[in-house]
Amino acid sequence: MWHANVIAGVAVFLLGITTTILAWTTLPYTGDFGPGPGFLPLWLGITLMVCAIPIVITDLRTANESEKLFRPETLKCLKVLILIVAVFLSLPVLSFSAGLALITGAGMRLMGKHRWFSCVMTVIGTAVCIHYLFGQWLSIPLPKGMIGW
Amino acid sequence: MDLLHNLYTGFTIALTWQNLLCCTAGVFFGQLIGILPGIGAPTAIALLLPLTFSLNPTSAIIMFAGIYYGVAYGGTVTSVPINVPGESSSVMTCIDGYAMAQKGRAGAALSIAAIGSFIAGTISIVLLMSFAPALARFALRFGPAEYFGLAVMAFGLLTVFGSGSPFKIIVSTVAGVLISTVGMDGVSGMPRFTFGTPELLGGIDFIVIICGLFGLAEVFNSIEEPEGGLLVKGKFKLSEVFLTWQEWVESRWAIVRGGVIGFLIGLIPAGGITTGSFLAYMAEKNASKHPETFGKGDIAGVAAPESANNAASISGFAPLLALGVPGSATTAVMLAGFMMWGIRPGPLLFTTKPDLVWGLIASMYVGNVILLLINIFLIPLFVAMLRIPYSILMGFIIIFASIGAYSVNNSMFEVWIMVGFGLLGYAMKKLKYPIVPLILAMVLGTLVEKSLRQALVLSAGSFDVFYTRPITAAFLLIALLAYCSPLIRIALKKAGYGKASINVESL
């Protein structure tokens, strides 16, 4: 997994450079009475850069090829992420209550191989609970979809 | 007398039906969450924040405190019968707790954990009552330079108590402070790192980040690395949970020692309850006449860490209430909760909001009694809860995280930010970058910057202020030693000292 760690270390270094450049170029280092808004971000950026170097060097030295970054379970994570993103994108149509309830049902099918009937009942029950608990009782203005709630 | 009067006032607040209900709900949910895999105390509090919108601040804080120490109790329930710590603070309990379960004494192990937690928790509350107001009075002397030093010391101590690469801990800390700088600068009003996005002008809300880092990220991590474990086929009947006289005699002093160690560790910013339980276990093993029985089902090996983790979870409120500086991820989330209701913890809280502070402290007594009863009489029920599949839990965590993020500004922008932080948290865990420093730094980031700038303004730009003021200098010296601690450890190891090392997985 060392290459992932090295990439992460390089990403930290790049974040440090970006922060330093942005702080230096867009934010004043000093203000009227002392340090300006760019003072802390500049030093934070420099610290990130400095700390990234030993991280990358250590990871290059302690290469452990047996540790895998991607495992079969990682695919399951990806499926759940796609499900979440797809549901969030379709919330204007589905409504918040129904959309989030759908995640529960779909998650049960994806992760646990539950029966369709159990999944459908869970989706309906969860949607009703979200609507009444958060939408009605706690008065959170949840986005409505085509079904009207 | 003042102390007793304040405590009496606290009890009149804590024992109102609404606060009693909130306390019961909090400890019950906390216990439940401690048992369920993949949900920790900070996640629980962050996810349950929207549920408290209709409550008054005192009731909500009482409920959150109940969740916090309820989780410390609940983590044991999985440690004993299935050898999986529900919380990192219960890691040490697994060693002797599981061995006791294999010998058919699972009920006794769970029972001593509950009794030990109750006694140590009570010791800790009594000490907290005396210590926190004194700490608050002392903190009244603090100016911006002292607060800057205190926050930097807390960051430094993370490298002492954390495990893994100290550079990764520093990166996490710096990234946390960096995230706190996003939005309008508090002094000049200039937007920073907003990239023209108006939603970012107010900064990134802490609740949104917590919902992502602890809620969504934990879902991904739990999918990838499920917390397995085989349930010991033991008896979890009510009749099995009572201790023998011999077991009580063997564990009573372990409870007291664990309680005192836990209390002291909880006071240290970034000390954490996991470190407390680890140190209490090591101390008990050293103090025991039969250290060879540790790891083979010694009841003192369950009593000491369990007492310590509960005592530490309570004493962790001292720096939060008296200084406004959280010592752990959970108290950091609680600080966000305080701020959500417009309350800023700190030295003045004891005089401006005595009802809240003393109501909270009194509720801890009440919560401990409720937890003791719950743990003795409902253990069979909680063990049965272990059979809930994660495929069902996962959906509910996502729902609570999404609604928690959405309800901050009633906007989908926050929900997408939450997803982003969920992925960041997942990647950080996978690449062994600790999350706790990030969380603490995000909360303390504003304080660090504000106090640094105020201190420099007051000193007309001179850095002398950081080493000529004794309290600031002491804090910064501790911070410096803490940052050098990895080098000190290496030097001690080479010299043949320091065989035992603190390894706190939670960090």
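The model is predicted: local features need pLDDT of at least 70, side-chain atom pairs count only at pLDDT 80 or more, and totals for chains, interfaces and linings use all residues. Residues are numbered from 1 along each chain as its sequence is written, with chains lettered from A and ligands numbered from 1 in the order in which they are written.

**Chain A against chain B**
- Contact (C-beta atoms, placed from the backbone, within 7 Å) links 43 residues of chain A with 45 residues of chain B.
- On the chain A side, α1 (2–26), α2 (39–61), α3 (72–89), α5 (96–112) and α6 (116–137) each supply at least two residues.
- α2(A) gives the largest share, 9 residues.
- That side of chain A divides into 28 nonpolar, 12 polar and 3 charged residues. Nonpolar means Ala, Val, Leu, Ile, Met, Phe, Trp, Tyr, Cys and Pro; charged means Asp, Glu, Lys and Arg; the others, Gly among them, are polar.

**Domains of chain A**
- Domain 1 spans 2–61 and domain 2 spans 72–137, with bounds from an automatic or database domain assignment.
- Their centres, taken over C-alpha atoms, are 39 Å apart.

**Helix α5 of chain B**
- Helices are DSSP runs (H or I, at least four residues), numbered from the N terminus.
- α5(B), residues 91–102, has 12 residues and reaches 17 Å from first C-alpha to last, close to the expected 16 Å. The expected span is 1.5 Å times one less than the number of residues.
- Of its 12 residues, 10 are buried (20 or more other C-beta atoms within 10 Å of the residue's own, placed from the backbone).
- Among the buried residues are B:Cys94, B:Asp96 and B:Tyr98.
- Just after α5(B), B:Gly104 has a positive phi of about 85 degrees.

Key. Two residues are in contact if their C-beta atoms, placed from the backbone, lie within 7 Å.
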